[in-house]
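User: I would like to learn how to read this model. Please take me through it feature by feature.

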Amino acid sequence: MVLLETLVNGLIQGSIYALFAASFTIIFGVMDIPNMAHAALFAGGAYVFYQATILTGLPWPVGIVVAVIAIGLLGAILERGIFARLYDRTESEYVFAIILATLGLARIFERAFAQVWGHEPKEVPLAGLQSGSLHAAGVTVTSLELLVFIFSIASFAFLYWVINHTETGLGLQAIVQDRDLARLKGVNVGRTFLIAFVLGSSMAGVAGVLNAAMFSLTPDMGSSLLIKAFIVVILGGIGRVVGAAVAGYALGIYEAFAILYLSSYYIYATEFAVLILFFLLKAVVLSEGEDDLGAAIADRVRGLTEVTR
Amino acid sequence: MSADTESGFANRNLAVDMPGVEWRAVAKSVGITLLLGLLAAPLVAGSSYIGYVALTVVIFAVMASGYNLMLGWPNLLVFCPAALAIIGGVTSALLVNVFGVPYLVAMVSGGVVAAVIGGFIAFSAIAIGSSFEIIIATLAFEEIVYYVFTNWHAVGPTGISNVPAPTAGPLTFQTQLEQYLFLLVMLTISIGIVAVFDRSLTGTLTVATSENEDLLRSIGYNPKKYKFIAVVVGALLLGIGGSLYAHVNGLITPGGFTLDQTVFLLVIAVVGGIRTVHGPIVGAIVLVGLPEVVRMFGLSNMKPYIIGGMLVVVVLFFPRGILGGLYDAIDNRGDLSWQFWK
């Protein structure tokens with residue numbers, strides 16, 4: 001019984017990580033923008049929803065639409081105003097500049113949210129979903145938890161479709177591989193990046209609304225999720241939508257089981273240690289030009305067995 | 001002349017490094033720091049509030065100098081200066097509080113422990129290679145350090161309190177002015193270390209590792225060694241800065257040395273001017289001083305806007321920071337950052 005309950009808890013926790021990581025996959029994983037201000041967009045969506053539904057009194061579907069539009073617009077301004085000016089810098093300068101600028105933006109947004117809406121945590125009701133619940137096999141989940149689970153799966157399915165089956169997604173992959181060649185082949189680089197960034201931002205906004213409804217709304221509610229999202233996207237394989245989804249749920253289930261035996265500090269510490277080990281392993285195992293750790297290890301193992309046979 | 005050629009060349013070059021240091025330029029850099037610091041001393045003596053701000057400025061200048069050394073010269077994006085600083089601070093505070101070690105010994109030990117950890121970080125960072133992965137790995141390391149210290153009974157979430165003021169033999173630096181003068185001496189030494197590094201062949205070659213590693217390797221130098229030296233020396237200064245922080249404030253908590261502090265050190269280094277000897281001092285004056293000035297005008301809690309806004313503006317328009325931009329303006333003949341004040 002404990003086993004099933006823990007598994008369900010893990011899946012719910014995993015859905016929250018996956019929900020956040022889904023929007024981060026397109027911006028960080030595919031577009032290669034390590035956006036440290038992503039958590040601020042996430043919280044921003046929830047604040048816009050809170051303003052529209054609770055303070056202004058609009059119905060919740062309108063609130064969601066307003067949040068999507070507002071955060072999408074904010075994303076467009078950031079992409080045009082800041083990121084688009086940095087794409088031409090060399091690799092290490094680009095990473096450094098993006099991280100610095102987005103860390104700065106995160107500071108500004110978090111402070112602005114706190115000044116406009118206040119520091120104290122806020123309850124964000126969402127269509128009465130928190131009160132409804134389902135019982136099955138002795139496990140209880142609220143309707144909201146179910147919605148979050150479904151929504152996170154749907155987000156990944158949607159992303160997978162966008163990235164692999166639409167013109168924007170294919171153009172995006174081409175740009176990330178070779179910006180100049182993509183431009184030469186007639187891909188509209190500026191517009192593709194703008195659309196993708198707006199899409200990622202809007203998804204983050206909706207994810208923020210769900211997260212705020214599940215827990216409570218604070219200006220920094222996304223910052224602990226941001227570092228988890230880095231773990232999820234990196235361990236899932238950068239730019240791989242399915243990998244990120246699996247990694248998100250795996251992380252949630254790991255935490256749900258580990259909490260039965262370990263204090264949360266040790267759990268988080270082990271996650272970060274795994275991340276560092278992953279980078280070191282990758283550095284040691286991979287040779288020039290390879291980028292898939294799993295395939296490389298399989299390759300080395302195959303090489304070994306062939307030698308010993 | 002085959003396998004050991006590389007190291008053979010490199011060792012010989014390190015040995016001839018010290019006579020190659022431009023001592024006059026170093027003396028100039030150190031002299032300017034000491035002179036301007038002493039000129040500011042009457043301000044410190046005059047008001048306890050300005051004194052408090054000045055102490056903070058100097059401590060952050062020491063830490064940011066160390067951070068600038070790893071960030072600027074080899075262009076290694078190591079994102080855990082706060083972790084290195086608290087390792088130094090906790091080592092030194094525990095040595096003095098628990099074992100009664102004299103302060104200067106504890107301070108140097110703090111620096112050395114931080115430098116050893118910095119050595120591991122440098123080793124890993126060099127192995128990892130990609131700038132982005134180095135950033136994430138070191139951020140993860142910083143989180144681990146935070147969890148370890150908050151869970152360790154000797155430190156805990158409340159940190160170490162009642163850390164005694166710095167002493168040197170019979171002298172105890174108790175009042176603000178005494179502490180300021182002691183910190184100024186430490187800052188001058190730190191600037192001296194950075195200036196010697198900057199003006200030596202090692203420093204020049206470290207800059208070269210960030211420009212073209214393959215070319216450097218092809219003429220017989222080992223780029224990894226220079227990156228390693230820069231990070232270890234930087235970690236030493238960060239550890240000493242952490243120790244100064246603990247003993248001057250009388251308190252050091254793990255919560256005070258997380259990502260926020262890293263970002264703050266980063267902003268100081270970047271705004272002052274990456275890869276400039278005096279950049280961290282300028283950065284610390286601006287970043288520690290400005291929020292205090294703004295607070296005096298009644299606009300409290302503007303610090304996040306100032307820090308965030310500066311980051312964005314500097315990244316977009318002044319990638320070389322205040323001092324770097326100034327040198328460019330004075331002598332507009334390309335990159336002179338390592339020929340500081342010629």
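Analyst: Start with pLDDT, the predictor's confidence in each residue, from 0 to 100. Chain B averages a pLDDT of 84, and 90% of its residues score at least 70. Over residues 1-12 of chain B, pLDDT is below 50, and this stretch has nine contacts (heavy atoms within 4.5 Å) beyond near neighbours in sequence. Residues 336-342 of chain B also stay under 50, with 18 contacts beyond four places in sequence. Where pLDDT is low, the predicted coordinates should not be read in detail. The model scores ipTM 0.85 and pTM 0.87.

User: What conventions apply?

Analyst: This is a predicted model, where local features need pLDDT of at least 70, side-chain atom pairs count only at pLDDT 80 or more, and totals for chains, interfaces and linings use all residues. Residues are numbered from 1 along each chain as its sequence is written, chains are lettered from A and ligands numbered from 1 in written order, and side-chain values use heavy atoms, without hydrogens or water.

User: How do I read salt bridges, and how many are there over all chains?

Analyst: Side chains of opposite charge can pair when their charged atoms come close. The criterion is a side-chain nitrogen of Lys or Arg within 4 Å of a carboxyl oxygen of Asp or Glu. The whole structure has eight salt bridges over all chains. One of them joins Lys228(A) and Glu255(A), at 2.7 Å from N to O. Lys228(A) lies in helix α9 (residues 223-235) and Glu255(A) in helix α10 (residues 241-258) of chain A, so the pair ties together parts 27 residues apart in sequence. Helices here are DSSP runs of H or I, at least four residues, numbered from the N terminus.

User: Are Lys228(A) and Glu255(A) buried or exposed?

Analyst: Buried means under 20% relative accessible area, exposed over 50%, partly exposed in between (1.4 Å probe, protein chains only). Lys228(A) and Glu255(A) are both buried.

User: Which residues of chain B are joined into one network by salt bridges?

Analyst: Take the pairs in turn. Glu213(B) bridges to Lys227(B), with the closest N and O atoms 2.7 Å apart. Glu213(B) is partly exposed at 27%, whereas Lys227(B) is buried at 12%. Arg217(B) pairs with Asp214(B) at 3.4 Å. Arg217(B) and Asp214(B) are three residues apart in helix α9 of chain B, so about one helical turn separates them. Shared partners join Glu213(B), Asp214(B), Arg217(B) and Lys227(B) into one network.

How values were computed:
Helices (H or I, at least four residues) and strands (E, at least two) are DSSP runs, numbered from the N terminus.
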